Amino acid sequence: MAYGGYYSKTESRISNLRKATNLRFFFHGILGGENTTAVTVARANSSLPGPSNSIVVDHAPLTVGPEPTSKTIGNAQGLEVFAGRDTTTVVVYLDFGFTEGELNGSSISVFSRNPAMETQRELAVIGGRGKFKLAEGYALLKTTFISNTSLVVEYNVTVIHY
């Protein structure tokens with residue numbers, strides 16, 4: 001028997017297994033100093049001011065509230081790429097690993113452009129592990145505090161997963 005052509009069969013019953021989870025947490029970035037959460041690891045020779053044409057690695061706490069003393073529920077690890085002349089738009093890859101409660105051991109990953117100066121931004125959820133296997137969705141971001149040395153970003157995330 002000869003085989004040829006492309007074959008695909010979609011089963012609609014899989015969609016009945018999908019769940020939606022809404023998350024709200026706060027990212028705390030500390031820029032410089034003893035407890036820094038972001039470090040520049042590469043930078044092009046450039047006369048442009050600021051972090052343009054650089055790569056920054058992050059390892060920042062996630063909390064239940066905007067205060068630095070709020071309960072820590074996990075951490076964010078990843079990369080931020082400041083490309084070109086526009087230093088307010090950053091390409092972001094972050095993995096949010098949860099370390100408390102029913103989400104302990106699970107994570108979600110986001111990857112998108114982040115126009116940091118906009119009041120509200122959106123990042124794409126591109127995957128996950130643990131409770132969030134095969135995750136997709138989106139994260140709405142809002143900077144709630146910013147100074148020369150720190151920032152707090154509120155994340156409201158909708159995750160579709162199995």
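Which strands each supply at least two residues of the lining of the second largest pocket? The legend to View A answers this for the predicted model.

**View A. Lining of the second largest pocket.** β1, β3 and β9 each supply at least two lining residues. The pocket holds about 160 Å³ of space. Its lining includes His28, Gly29 and Ile30, along with Pro61, Thr63, Ser150, Leu151 and Val152. By class, the lining splits into 6 nonpolar and 6 polar residues, with no charged ones.

**View B. The largest pocket, with a volume of about 760 Å³.** Its lining counts 33 residues. Closest to the pocket centre are Glu80, Phe82, Ala116, Ile146 and Leu151. Strands β1 (19–30), β2 (38–43), β3 (54–63), β4 (72–82), β5 (89–98), β8 (136–146) and β9 (150–161) each give at least two lining residues. β8 contributes the most, with 4 residues. The lining has 18 nonpolar, 10 polar and 5 charged residues.

**View C. The aromatic pair of Phe25 and Phe98.** The two rings sit edge-to-face, 5.7 Å centre to centre, with 75 degrees between the planes. Phe25 belongs to strand β1 and Phe98 to strand β5, so the pair ties together parts 73 residues apart in sequence. Both Phe25 and Phe98 are buried.

**View D. The aromatic pair of Phe25 and Tyr155.** This pair is stacked: 5.4 Å separates the centres and 10 degrees the planes. It links Phe25 in strand β1 with Tyr155 in strand β9, 130 residues apart. Phe25 and Tyr155 are both buried.

**View E. One aromatic cluster.** Phe25, Phe27, Phe96, Phe98, Phe132 and Tyr155 make up the cluster. The structure has 6 aromatic pairs.

How values were computed: Residues numbered from 1 in each chain as written. Predicted model: local features only at pLDDT ≥ 70, side-chain atom pairs only at ≥ 80, totals over all residues. Heavy atoms only, no water. 1 Å grid on protein atoms, 1.4 Å probe; cavity = no way out; pocket = protein on both sides within 12 Å on 5 of 7 lines; lining within 4 Å. Points joined across faces, edges and corners; volume = space filled by probe spheres on them. Nonpolar A, V, L, I, M, F, W, Y, C, P; charged D, E, K, R; others polar. Phe/Tyr/Trp six-rings, centres within 6.5 Å; stacked < 30°, edge-to-face > 60°. Buried < 20%, exposed > 50% of the residue type's maximum accessible area, 1.4 Å probe, protein only.
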